[in-house]
Amino acid sequence: MGSISKPHQVVRTQPLCPVCGEPSYSRDGIHPQCNVTRNDRVRTKAHKAKVAAKPKSVSTPWLKRCPKCSRQVAARRHTCDCGHQFPHSAGG
Ligand SMILES: [Zn+2]
Ligand SMILES: [Zn+2]
């Protein structure tokens, strides 16, 4: 049984701070101040995600609302079913 020769390399298991990438001697491997920064970042990120997930009012650009009967009609139509005539858009 021969022993498998491994490349002689001294690897120090030194934890690197996941925030700043610098070696940290703390138990969690992260600097306390960096931990605070990370928590703040996560909180901000979550807040942003929450805002992004917030449903916004869906507006259909191909529809316009008749001011007379409040009905939504196709934007290309010039006259509503109720008889209201939409003002002609410039350059249309
Ligand atoms: Zn750090
Ligand atoms: Zn109408």
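Mentor: Helices and strands are taken here as DSSP runs, numbered from the N terminus: a helix is a run of H or I of at least four residues, and a strand is a run of E of at least two. By that rule the elements of the protein follow the order α-β-β from the N terminus, that is, one helix and two strands.

The model is a predicted one, in which local features need a pLDDT of at least 70 and side-chain atom pairs count only at pLDDT 80 or more, while totals for chains, interfaces and linings use all residues. Residues are numbered from 1 along each chain as its sequence is written, while chains are lettered from A and ligands numbered from 1 in the order in which they are written. The term pLDDT denotes the predictor's confidence in each residue, on a scale from 0 to 100. Its average over the protein is 80, and 77% of the residues score at least 70. Among the elements, β2 has the highest mean pLDDT (92) and α1 the lowest (77). Where pLDDT is low, the predicted coordinates should not be read in detail.

Between β1 (63-65) and β2 (72-74) runs a loop, and S70 is found in it. S70 is not a glycine, yet its phi is positive, at about 60°. To describe its surroundings we count the other C-beta atoms, placed from the backbone, within 10 Å of a residue's own: 20 or more make it buried, 12 or fewer exposed, and any count in between partly exposed. S70 counts as exposed because it has 8 C-beta neighbours inside 10 Å.

Further along, C80 is located in the segment after β2. Because C80 has 19 such neighbours inside 10 Å, it counts as partly exposed. Two residues are said to be in contact if their C-beta atoms, placed from the backbone, lie within 7 Å. Apart from neighbours within four places in sequence, C80 is in contact with C66, K68, C69, R71 and V73. C80 and K68 are twelve residues apart in sequence, and their C-alpha atoms are 9.0 Å apart in space.

To set this part within the whole, consider the segment before α1 (32-53), where C20 has its place. C20 is partly exposed, since 14 other C-beta atoms lie within 10 Å; beyond four places in sequence, C20 touches H31 and C34. S24 also lies in the segment before α1, but it is buried because 20 other C-beta atoms lie within 10 Å. Of the 92 residues of the protein, 2% count as buried. Finally, of the contacts in the protein with a separation of 6 or more, 0% are between residues 24 or more positions apart.
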